[in-house]
Amino acid sequence: MLCLTGVILKLLHQRSIPPLLRALSYLFSTQSTPLSSLPPPPRQPPPLSSQTHPLLFKEIFEIPSNHNPSSLHSLLLKLARSHNFSHSDSVLAHLLSSPSPSSSLPICVLSRLFCVYAESNRPDKALDTFHLLLRSGFHPIPTKLFNRLLSVLLSDPEYTNAALSLFESAETSYGLVLDTMSYNLMIHALSLEDKLSVACKLFNQMFKRQVMPDVETYRIMMQGMCKMRQFMSAVGLLEDMLNKGFVPDAQSYTTLLNGLCRRRKFREAYKLLCRMKVRGCNPNIVHYNTVIVGFCREGRSLDARKVITELMPSNGCLPDLVSYTMIINGLWRQGFLEEARRYLEEMVSKGLSPHFSTFHGLVRGFCNVGKYDEACGGDVGMWGCATL
């Protein structure tokens, strides 16, 4: 019987259909027991990773058997996602107790475990896991995994000091290699907490340790400086960035322009806007509107008009709803009613729908100086206001 079975398998592999059919016919003719009466094959238990309930999952795990590592990895993550951290800690300790912890626990699994801790708002578990890795001789700890740990810790302001302590001792005590992302995470967290002096210290440290900052590093530093109202220091950092060959991105310029306008440094903001294109960053509507809004809020609508009539056309940028609304409101408040009406008509002709408050303000401006015919707007349909 075994020989015949071997022949059948060989014929099946060779796709020799006629001989295969003859062999099967012979097998069935000599079969003393009908196939329908044969007992069914024993049912195989489902694989461990297919279990959905985490505690049932753990019960299966505790049955003595040779579970493959991928099943244990699934068990670890499922227990953690269900917040059964005491059980997940047991599985983690089991994996790390092997002679070679780094081979039994891939970095991708640890990275996903840290993500689970972040989603669960448990930076304490991430910190405990890191120390467990160190005690278990898990080596080396990749920079990418350490950065994941930093991001989890820095998501909670209460753990900023703990993250900073780990960061400062990472290379000397743990033999870790810090990269640009490591510094960016730390500097950003410190800037948010108004610890700009510590952030500046780390920024300067990057050059000493030959860790090259990137555009994001400079942007984070400029945002921190603007938050602390050190706008001219931020402009100086932009110049340093350009001198080192970096090209600031659009968000960096938005941060600086907004900060300069808030500090009423309009001349510097206007000059910065003019130089953007020469320095490799094409201004967009957000940059123009930032300066237009700043000018109009300070009663300098004529300067805002220069941005619309001179700077924007030279760059092929068209005013949008925000641009028109700010310039119209700025002009009528300063008494430039005819100019404001001209922009309103231009706005409507381009298919933009002004807010009712824009019409109301302009009408009130004309009424205040006794120009009631102008307040009616002549052809109301041209102004697009059906409620006037």
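Q: Is Ser-88 buried or exposed in this predicted model?
A: Let's start with the cut-off: a residue counts as buried when its relative accessible area is under 20%. Ser-88 has a relative accessible area of 1%. That value falls under the cut-off, so Ser-88 is buried.

Q: Which residue's backbone oxygen lies 2.9 Å from a polar atom of the Ser-88 side chain?
A: Ser-88 sits in helix H5, which covers residues 85–96. A polar atom of its side chain has a backbone oxygen 2.9 Å away. That oxygen belongs to Phe-85.

Q: How many residues are in the largest nonpolar core?
A: In soluble globular proteins, nonpolar side chains tend to be buried together. Here, Leu-105, Phe-146, Ile-187, Val-307 and Ile-328 are the members of the largest nonpolar core that touch the most other members. Ile-187, for one, touches residues including Phe-203, Met-206 and Ile-220. The number of residues in this core is 100.

Q: How many residues apart in sequence are the parts that Asp-194 and Lys-227 tie together?
A: These two form a salt bridge, with the closest N and O atoms 3.2 Å apart. Asp-194 lies in the loop between helix H11 and helix H12, while Lys-227 is in helix H13, so the pair ties together parts separated in sequence by 33 residues.

Q: Is Lys-244 buried or partly exposed?
A: Lys-244 pairs up with Asp-240 in a salt bridge, the closest N and O atoms being 2.7 Å apart. Lys-244 has a relative accessible area of 42%, so Lys-244 is partly exposed.

Q: What is the relative accessibility of Arg-264?
A: Arg-264 meets Glu-298 in a salt bridge, at 3.3 Å from N to O. Each of them sits in a loop, and the pair links distant parts of the chain, 34 residues apart. Glu-298 is partly exposed at 35%, whereas Arg-264 counts as exposed, with a relative accessibility of 57%.

Q: How many salt bridges does the structure hold?
A: One of them joins Asp-194 to Lys-227. There's also a network of salt bridges that links Arg-305, Glu-339, Arg-342, Glu-346 and Lys-350. For the structure, the number of salt bridges is 15.

Note on methods:
Residues are numbered from 1 along each chain as its sequence is written. This is a predicted model: local features need pLDDT of at least 70, side-chain atom pairs count only at pLDDT 80 or more; totals for chains, interfaces and linings use all residues. Side-chain values use heavy atoms; hydrogens and water are left out. A nonpolar core is a set of buried Ala, Val, Leu, Ile, Met, Phe, Trp, Tyr and Cys residues joined through side-chain atoms within 4.5 Å. Buried means under 20% relative accessible area, exposed over 50%, partly exposed in between (1.4 Å probe, protein chains only). Contact means heavy atoms within 4.5 Å. Helices (H or I, at least four residues) and strands (E, at least two) are DSSP runs, numbered from the N terminus. A polar contact is a pair of N or O atoms within 3.5 Å; within protein, one must be able to donate a hydrogen and the other to accept it, and residues adjacent in sequence count only if both atoms are side-chain atoms. A salt bridge is a side-chain nitrogen of Lys or Arg within 4 Å of a carboxyl oxygen of Asp or Glu. Lists of a residue's contacts leave out its neighbours within four places in sequence.
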